[in-house]
Amino acid sequence: MKVLQILPELNVGGVETGTVDFAKYLVKHGHQSIVVSNGGKLVSILEQSGSKHYTLPVHKKSLWVGFHLIKILRKIIIEEKVDIVHARSRVPAWIAYFACRKTDAAFITTCHGYYKSHFFSQIMGWAKLIIVPSLAIGRHMIEDYKVPVESIRCIPRSVDLERFKMSKEISSQKKSQYTVAVVGRITPLKGHSYFLQAMAQVIRKMPNVKIMIIGDAPAKKYYYRQELEVLVQRLGLKNHVEFLGNRSDLPELLSQVDVLAFSSIEPESFGRVILEAQAVGVPVVATRVGGVVDIIEDRKTGILVMPKDVEAMAKEIMRVLNEPELAKRLVSEAQKLLKEKFTIDHMASQTIRVYEELLKCANILVIKISSLGDVIFVTPSLRALRKKFPHSKIYCLVGKESRKVLDGCPYLDGLIVYDPKGKDRGIFKLFRLGKK
């Protein structure tokens with residue numbers, strides 16, 4: 001199988017890391033891997049693992065650039081004889097959707113986050129099958145984008161256990177210094193300000209705590225990091241806080257951490273860093289948002305608090321620091337679940353099964369808006385179609401008068417009824433039916 005993944009860039013981030021991990025798996029298991037992006041720090045790692053990379057400005061939100069890139073991407077799909085085009089973001093998805101037309105490639109998307117309900121985001125629900133990393137994102141696509149339930153495939157993200165190995169032993173003895181970390185882009189939705197307020201309460205009672213803020217603000221929102229630096233000074237945390245920026249040595253940094261705080265205030269699609277911390281052996285205190293509840297079972301594999309609840313976060317962080325047996329139990333249970341559900345092998349093998357399902361399935365519409373006798377005579381054709389395409393969805397468009405003939409037909413998944421004198425009367429109603 002030849003798979004093309006397309007995403008905006010290949011810099012540091014959960015989506016980017018997952019793309020590279022999956023590409024490695026594809027090559028290792030005899031498939032061919034191609035990635036299209038605007039480039040980034042992870043391109044060299046990707047190519048070293050045996051994947052091919054095409055650098056295109058698929059990150060630009062420009063209509064004219066998009067039109068130009070459709071033709072280029074279609075040429076790549078045809079020349080490379082791509083079987084699957086997997087879009088992981090909205091702008092690349094628009095380009096990929098139209099590029100796949102007039103080719104033999106199947107189009108699929110993964111919805112990595114919560115999208116605002118406007119037309120630009122609709123593309124993420126246009127594939128026949130849509131992969132989501134958590135049940136929360138699945139509900140979002142069903143409720144806000146009207147994606148059919150049967151089109152959703154939930155595949156949790158994964159962690160590279162070779163890279164994030166258990167390297168930390170939780171001591172039963174009190175330590176002279178503890179470290180609490182938060183990892184992620186510095187943006188308001190990640191809740192850094194609430195985390196710092198919680199840590200101000202922790203340090204008043206435990207002055208031997210060091211705080212690591214790993215990650216940085218996007219270039220357009222660098223002002224927010226400056227606001228956090230001011231907040232650090234105002235809270236009297238200057239001697240305790242270290243801003244480390246984006247780092248490639250995250251496993252080594254996590255091995256120095258006693259508690260990871262996950263402080264997002266808005267629904268998250270997943271939370272890969274939680275798995276990475278647990279893999280290294282770090283207990284996690286997280287906010288109860290979005291896909292986080294798919295990873296953490298409260299009081300068993302981690303501690304959950306409500307978003308923006310500064311006092312609860314401070315209390316639970318101190319509790320984990322002061323109760324090493326609790327920390328050990330949380331890590332032990334988390335690692336059991338991690339090895340069962342969140343490995344790269346589990347994620348990648350499930351994704352490939354979805355690809356195989358996608359290649360087998362098709363949507364077939366039989367149009368038979370004619371007399372009763374003609375509708376009766378179409379039955380052998382429907383039987384032949386079902387035999388030839390057993391995994392496909394087969395629908396028949398029929399007139400209101402003849403629908404009863406095909407009601408309950410075992411070869412069909414359903415009927416679409418055309419009523420030109422009633423509900424489908426008029427040009428606009430006809431267009432609505434055509435869209436369906």
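In this predicted model, strand S12 and strand S13 (residues 303-305) pair in the parallel sense over three bridges; two strands count as paired if DSSP finds at least two bridges between them. Strands (E, at least two residues) and helices (H or I, at least four residues) are DSSP runs, numbered from the N terminus. Residues are numbered from 1 along each chain as its sequence is written. As the model is predicted, local features need pLDDT of at least 70, and side-chain atom pairs count only at pLDDT 80 or more.

Strand S12 covers residues 284-287. Val284 and Ala286 point one way from S12, Val285 and Thr287 point the other way, and all are buried (under 20% relative accessible area, with a 1.4 Å probe and protein chains only). In a regular strand the side chains alternate between the two faces of the sheet. Strand S11 (residues 259-262) also pairs with S12 in the parallel sense, over three bridges.

The table lists residues that stand opposite each other.

| Residue | Opposite residue |
|---|---|
| Ala261 | Val285 in S12 |
| Val285 | Ile303 in S13 |
| Ser37 | Thr55 in S3 |

Another part of the model is an open sheet of seven strands in the order S3-S2-S1-S4-S5-S6-S7, with parallel pairing. Strand S3 (52-55) and strand S7 (152-154) stand at the edges with a single partner strand each, so one side of each has no neighbour in the sheet. Strand S2 (residues 32-37) pairs with S3 in the parallel sense over four bridges. Helix H3 (residues 63-80) packs on the sheet and touches S1, S2, S3 and S4, where contact means heavy atoms within 4.5 Å.

Conventions:
Heavy atoms only, no water. Axes fitted to C-alpha atoms, helices over the stretch in contact; angles between N-to-C directions. Buried < 20%, exposed > 50% of the residue type's maximum accessible area, 1.4 Å probe, protein only.
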